[in-house]
Amino acid sequence: MAKMWAGRTDGSTDQLADDFNSSIHFDSRMYRQDIRGSMAHAAMLGAQGIIAPAEADALIDGLQGILDDLESGALAFDLSCEDIHMFVEQVLTERLGDVGKKLHTARSRNDQVALDLRMYLRDECATLTALLTELIGTVADQAEAHKAVILPGYTHLQRAQPITFGHHLMAYAMMLLRDVDRLQDTVRRMNQSPIGCCALAGTTYHTDRRMEAARLGFDGICLNSLDGVSDRDFCAELMSTLAILMMHLSRFSEEIILWSSWEFKFIELSDSFTTGSSIMPQKKNPDMAELVRGKTGRVYGDLMALLTTLKGLPLAYNKDMQEDKESVFDACDTVKMCVEVFTGMVRTMTVRADNMKRAAQTGFINATDLADYLVKKGLPFRSAYKVAGQLVARCIADGQVLDTLPLTVYKEYSDLFAEDVYQEIALETCVAKRISEGGTSVESVEAQVKYVREKLAV
């Protein structure tokens, strides 16, 4: 098949080179954006008198027909075409004749592909934001339902202080909320139209780039034509945002994997989001969480692949930039799938409050509160810290916990101890006393849930 760019050469390329050069097998997913962009371009050409208004109308109608036929399945992609842009233009020319050949006036594939990609990724960000909003709402629902369930809080994966499960979950809700904010911020910088930058230097035609940008929902235009066609920082920024999001999901996955193990048994995952073993009938494997954790490395790799591709490119467009799409498409596809699965997994998990409470009771995680008790009685903190540590050691030696240690033993270490010590170090008291904003008290968790719900409603 003759190439639409034939002229300087005869347009004949080796079949192997054709296959190597072709991108339609992955950039065809941008057909809606490509056609919408071309319709706006035709409208601008007609409005500016660059082509006759009747020709512009014919182009728009022809493009709409192609879109309708692709959506209905009446038209299939021709994989012998080099890319989605050439495919659409070829079909349009077949249907309209010479009028179809006028569509590419005052533009290049360089600014056209930059336009399609920005529009496509803008749509992907909207989808991702909706999916993330659902996940955050699901996490908030679970947090609200378990705002008073006590479990150990950890540092160094060692039991540290008592917290509520709702408080722990809301930490992830806050992280994911920032991911939404990063997505929205990425779109703000992405939403500048490159169309009209042409190959690299603009055009001699009196175009109206701002009209075309406005019709396509852009906030403005790329103000430098070289920059407009040759940079992909919007792709790198989006993929960086997705990498951070996956890091958050991976950390959450790691805890879900730990919590669902027999050693913790803090939660039980639904059968719908686990798998079994082919040889060990007792197994219930958290494969979905493990896959999310594993796919995080894949998204990191997509980001590094793009950054490496871009790092040595001179201005303006280079064919290397065709490599941007598979990486960014893969990252978007992977993250969307992970967020959807994660939402279902969190929504259907069963919380084992009894096991959480039991772990909290046996970890001496009220030792800090014991020291604080003595400080309030007038003992310097470092002295109180030492006494609390000695009492923990005594409990370990005697097979006791601080909650049940006899008062007579307490008094062996300090006369400041009285009957009220038991109320002060009760886990419920330890949690309730964390009244500082952002802390683990029930009231604080309720405030955090309210804040997140209000942010999601904006």
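Colleague: Is Cys 235 buried or exposed?
Modeller: Buried, at 0% relative accessibility. Buried means under 20% relative accessible area, exposed over 50%, and partly exposed in between, with a 1.4 Å probe and protein chains only. This is a predicted model, where local features need pLDDT of at least 70, side-chain atom pairs count only at pLDDT 80 or more, and totals for chains, interfaces and linings use all residues. Residues are numbered from 1 along each chain as its sequence is written, and side-chain values use heavy atoms, with hydrogens and water left out.

Colleague: Which cysteine sulfur is closest to that of Cys 235?
Modeller: The one in Cys 332, 8.7 Å away, which is too far for a bond. A disulfide is a pair of cysteine sulfur atoms within 2.5 Å.

Colleague: And what about Cys 197, how far is its sulfur from the closest cysteine sulfur?
Modeller: The distance is 5.3 Å, to the sulfur of Cys 222, so that is too far for a bond as well. Cys 197 is buried, with a relative accessible area of 0%.

Colleague: Different topic. Where does Gly 46 lie?
Modeller: In helix H3, residues 31-47. Gly 46 is buried, at 11% relative accessible area.

Colleague: What does Gly 46 touch?
Modeller: Leaving out residues up to four places away in sequence, Gly 46 touches Ile 51, Pro 53 and Ala 56. Contact means heavy atoms within 4.5 Å. The C-alpha atoms of Gly 46 and Ala 56 are 5.1 Å apart, with the two residues 10 apart in sequence.

Colleague: Now the whole chain. How many helices and strands?
Modeller: The protein has 19 helices and six strands. These are DSSP runs numbered from the N terminus: helices are H or I with at least four residues, strands E with at least two.

Colleague: Is the protein compact or spread out?
Modeller: More spread out than a compact globule, because the radius of gyration is 31 Å, well over the 23 Å that the globule rule gives for 458 residues. The radius is taken over C-alpha atoms, and the rule is 2.2 Å times the number of residues to the power 0.38. Along the principal axes, the C-alpha atoms fill a box of roughly 100 × 50 × 40 Å.

Colleague: What share of the residues is buried?
Modeller: 50% of the 458.

Colleague: And the contacts, what share joins residues at least 24 apart?
Modeller: 76%, among contacts between residues at least 6 apart in sequence.
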